[in-house]
Amino acid sequence: MKLTQIDLNLFVVFDMIYSERNLTRAAERLSVTQPTVSNALARLRRTYGDPLFVKTSQGMQPTAFAQSIAGHVSDALRLLTTSAQGPAQFDPAHSTRVFRTSMLELFDAMALPVLIPTLARLAPHVELHSYRVSRGELAGALERGAVDLAVEIPLADTRNLIFETILHESYVCAVRPDHPMVGHDMTLDRYLDLEHIHVSGRPRGVGAEDAALRRIGKRRIIRARLQSHLALADIIRQSDMAVTLTQSRARALGLAVFPVPFDIQPLELRLYRHVRSDGDAAVLWLYDQIKNLGAGSASRV
């Protein structure tokens with residue numbers, strides 16, 4: 001097969017389907033119709049003699065052959081994009097770029113109320129899409145360009161990732177301002193007697209506080225598990241339940257705080273991007289905006 005025999009636009013469609021695992025979303029990101037994407041996929045299948053993507057309950061999953069070429073296709077497209085753009089430049093005032101980020105929900109709650117107005121002022125025509133990519137899939141999503149930037153706890157594998165710590169903050173135990181505990185010391189026994197709310201975007205798993213308690217052979221009572229901080233303050237204010245979170249977030253919610261009565265490592269959040277974004281001036285610009293927010297987020301919220 002010769003390169004001149006293939007419509008190079010088909011590789012753009014391939015890369016988008018591989019990133020989104022969904023024909024409709026791929027079409028939306030490419031600003032074309034779904035039949036156009038389906039037709040392009042059919043042409044690629046005939047060209048390669050391989051299904052490339054198989055429809056499953058988890059979306060369009062790539063075949064072994066598609067996985068073997070995906071990295072090369074992505075690399076080639078990025079090089080072509082950089083070449084077509086010429087010198088790296090980004091004009092935030094006139095850009096219509098769509099940025100995609102994956103942020104830990106806590107940082108979402110802390111930073112987005114500041115970041116969105118900042119973007120509205122400096123880059124009024126850009127869009128910011130923030131959604132959570134699972135920790136295990138994050139490096140791959142950054143590599144494929146499915147997300148431009150990510151804010152997460154320290155990752156085990158940081159090969160080909162550039163990162164910077166943007167938040168390092170202690171945990172506290174927080175309750176409503178008129179809670180019976182207010183005016184008393186928060187001992188370990190009192191902490192364990194309380195009913196707790198655990199906030200996590202994951203359906204399973206424990207928090208840093210639970211891991212710390214396990215190390216001393218203790219376990220807290222988790223009465224409710226929430227996927228976000230959206231309803232947290234209202235629940236806490238109407239109950240005797242407690243929550244363990246960062247001090248700045250607890251203060252922002254107007255809660256009474258106590259030092260956590262056991263050893264627990266402070267929360268560290270890192271801002272990540274892939275090395276391939278070195279030539280993308282827009283991603284570098286957003287990286288700096290979020291980095292600056294992270295540096296002052298605790299004092300702002």
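1. The count of salt bridges comes to 19, a salt bridge being a side-chain nitrogen of Lys or Arg within 4 Å of a carboxyl oxygen of Asp or Glu. The model is a predicted one, in which local features need pLDDT of at least 70 and side-chain atom pairs count only at pLDDT 80 or more, while totals for chains, interfaces and linings use all residues. Residues are numbered from 1 along each chain as its sequence is written, and side-chain values use heavy atoms, with hydrogens and water left out.

2. R97 forms a salt bridge with D280, with the closest N and O atoms 3.0 Å apart. R97 lies in the loop between α4 (64-85) and β3 (98-103) and D280 in the loop between β12 and α11 (281-300), so this pair ties together parts 183 residues apart in sequence. Helices (H or I, at least four residues) and strands (E, at least two) are DSSP runs, numbered from the N terminus.

3. D178 and R176 also form a salt bridge, the closest N and O atoms being 2.7 Å apart. D178 counts as exposed because its relative accessibility is 56%, whereas R176 is buried at 14%. Buried means under 20% relative accessible area, exposed over 50%, and partly exposed in between (1.4 Å probe, protein chains only).

4. The side chains of R270 and E268 meet in a salt bridge (3.1 Å, N to O). R270 counts as buried at 17% relative accessibility, while E268 is partly exposed at 21%.

5. A network of salt bridges links E20, R25 and R29.
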